[in-house]
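Visitor: I am new to this structure. Could you walk me through it, one question at a time?

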Amino acid sequence: MSTIEGTDLRKITDGRQYIDSLRGRKLKVFLFGEMVEEPVDHPMIRPSINALAATYDLAVEQPELASVVSPFTGERISRFLHVCTSADDLVMQNKMQRKLGQKTGTCFQRCVGMDAFNALYSVTFEMDEQYASAYHRRFKDFLTLMHRGNFVVGGAMTDVKGDRGLPPHLQQDPDLFVRVVERTAAGVYISGAKAHQTGCINSHYMVVMPTMRLGNRDKDYAIVGAVPVDAPGITYIYGRQSCDTRSMEGGDIDVGNARYGGQEAMVIFDRVFIPSKYIFMDGEYDFAAMLVERFTTYHRRSYVCKSGVGDVLIGAAAAVAEMNGVTKASHIKDKLIQMTHLNETIYGTGIASSYQGYPTKSGCYLCDEMLSNVCKHHVTKMPYDIGRFAQDLAGGLVATMPSEKDLNHPEIGALLQKYLRGKADFTTEERVRMLRLIENMTLGRNAVGYLTESMHGAGSPQAQRIQIGRMMQLEYKKRLARILAGIETENENGTVIEELTGYFARVFKLV
Ligand code: SF4
Ligand code: FE
């Protein structure tokens, strides 16, 4: 029996209550070859919990930004649990993400569940329409339960995949994609593993989903369901991050960002039971692609979070330039302008995708696929460029500084205080702290989220290129060119193609 399922559903309203809600669960978490007694108190795990707690605290500080009134319970809940019923709702998600990126300087881990909810809301509706199933009602009941507790729900999508050239049913080991291993009248049992699951240990529930388009021989892999994170049969193996053990050294300077960090873990399911009430797809393989595409459409523009993190890094680069006494150099200002231009390009495309959102049959709004893919594709490159500028402005010291212990050493401490000093207006410790923050974000623990996670999260760059290629409507564009070149003429009513579909239909508001 899961400890979450067994307890009273008391609504979580702030970060402190959230952190308390994670205590005393019997999660099986491995880190450094040992089982973790209490993740909440583990110095390497705690910064990721603090980052998630910030989502609750923001809802208290700025309720209009980070919370909504639940249509199911009538109470205020986190915006991360909200199903969007307007383009404005989608836009507000992005604004909240930018703000949280600014406040934490890292991944706050809550968007996967949010984007999965929105995708599932419309997909279960359309599945029911086709198969007269009851998934949508079940899903709404589940949502209501999550709203009551104001819970954190993680989305578990990325299978470990084995041989990438083979579909799930042809893998030598059938567990390389999560699958149903037994069906009973009460529900199903699943086995398999999901890789690099963001914030899974910090969640209350997890929604398991297929990772890609499936065929009719992959029916057992077409499973969507919710499980409490401490359901029997789940094992978590914590992912290491660059410089992660610095948070176990005692000080708070070398770690760079002592309060906040991200979290990724491998999740292994060994005959984990999903009761029927929490099953939202079982065997409808033909809807797997729709679910994955809608989820990634939401999630690829959720990477606007990185523009908030970018704001912190631009600020750190500007601050360190000031401490180095070089603000008057024209190239410094120019580099800060270039960093800002890159950062706003990420934000601009993400938020445009939300503004160009449109209703699905269920009434839930979906953002624009083209612009969300363009946003995420920018994110696979631009944070690296911004990080390069930050390291350029920081100088080589960002990678060679002595440790906090040396800085405070009775014999050599004073020497370091003297020789690491920059402009006299700032203390040596201030300069070292700022450099450590840049190190943290471009080489250390939060570079995992700002750089590599930007590359691969919500699909690696090629995945976006494939989608952009599918949507680029070259025939339409060729016809525009042929008309102006005098090879073809417009239609009688002055249009280029009468039944314009896809991206340009959204651009010109035909849908
Ligand atoms: Fe949210 Fe960004 Fe973290 Fe993804 S990487 S969960 S979008 S904060
Ligand atoms: Fe991610």
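Guide: One definition to begin: a residue is near a molecule if one of its heavy atoms lies within 4 Å of it. Keep in mind that this is a predicted model.

Visitor: Which residues surround ligand 1?

Guide: The 4 Å cut-off picks them out. The shell divides into five nonpolar, three polar and two charged residues. The names are Cys 107, Phe 108, Gln 109, Cys 111, His 299, Ser 302, Tyr 303, Cys 305, Lys 306 and Glu 453.

Visitor: Which helices each supply at least two residues of that shell around ligand 1?

Guide: The shell includes His 299, Ser 302, Cys 305 and Lys 306. Look for those numbers in the ranges 288–302 and 305–324. The helices are helix 8 and helix 9.

Visitor: Which domains give at least three residues each to the shell around ligand 1?

Guide: The domain assignment gives domain 1 (4–289), domain 2 (301–462) and domain 3 (473–508). Cys 107 and Glu 453 are among the shell residues. The domains asked for are domain 1 and domain 2.

Visitor: How many Å separate the centres of domain 2 and domain 3?

Guide: Domain 2 covers 301–462, and domain 3 covers 473–508. Their centres are taken over C-alpha atoms. The separation is 41 Å.

Visitor: Is Thr 296 buried or exposed?

Guide: Thr 296 sits in helix 8. Beyond its sequence neighbours up to four places away, Thr 296 touches Ser 372 and Ala 458. Buried means under 20% relative accessible area. Thr 296 has 11%, so the answer is buried.

Visitor: And Glu 37, buried or exposed?

Guide: Glu 37 lies in the loop between strand 2 and helix 3. Its C-alpha atom is 8.7 Å from that of Lys 26, 11 residues apart along the chain. The cut-off for exposed is over 50%. At 78% relative accessibility, Glu 37 is exposed.

Visitor: What span should helix 3 have?

Guide: Helix 3 runs over residues 46–61, which makes 16 residues. The expected span is 1.5 Å times one less than the number of residues.

Visitor: How many residues of helix 3 are buried?

Guide: Among the buried ones are Pro 47, Ile 49, Leu 52 and Tyr 56. The buried residues pack against helix 2, helix 4, strand 3, helix 5 and strand 10. Helix 3 is mostly covered, and the count is 12 of 16.

Visitor: What is the order of the strands in the open sheet?

Guide: Six strands form this sheet, and the pairing is mixed. The edge strands are strand 2 and strand 6, each pairing on one side only. The order is 2-1-10-11-7-6.

Visitor: Which residue of strand 10 is the bridge partner of Val 29?

Guide: Strand 1 and strand 10 pair in the parallel sense over two bridges. Strand 10 also pairs with strand 11, in the antiparallel sense over five bridges. There the residue in question stands opposite Val 267. The partner of Val 29 is Tyr 236.

Visitor: Why is strand 10 called largely enclosed?

Guide: Buried means under 20% relative accessible area. Strand 10 is largely enclosed by the rest of the structure because the buried share of its residues is four of five.

Visitor: Which residue of strand 7 stands opposite Glu 182?

Guide: A hairpin joins strand 6 to strand 7 through three residues. The two strands pair in the antiparallel sense over four bridges. Opposite Glu 182 stands Tyr 189.

Notes:
Residues are numbered from 1 along each chain as its sequence is written. Chains are lettered from A and ligands numbered from 1 in the order in which they are written. This is a predicted model: local features need pLDDT of at least 70, side-chain atom pairs count only at pLDDT 80 or more; totals for chains, interfaces and linings use all residues. Side-chain values use heavy atoms; hydrogens and water are left out. Ala, Val, Leu, Ile, Met, Phe, Trp, Tyr, Cys and Pro count as nonpolar, Asp, Glu, Lys and Arg as charged, and the others, Gly among them, as polar. Domain bounds come from an automatic or database domain assignment. Buried means under 20% relative accessible area, exposed over 50%, partly exposed in between (1.4 Å probe, protein chains only). Contact means heavy atoms within 4.5 Å. Two strands pair if DSSP finds at least two bridges between them.
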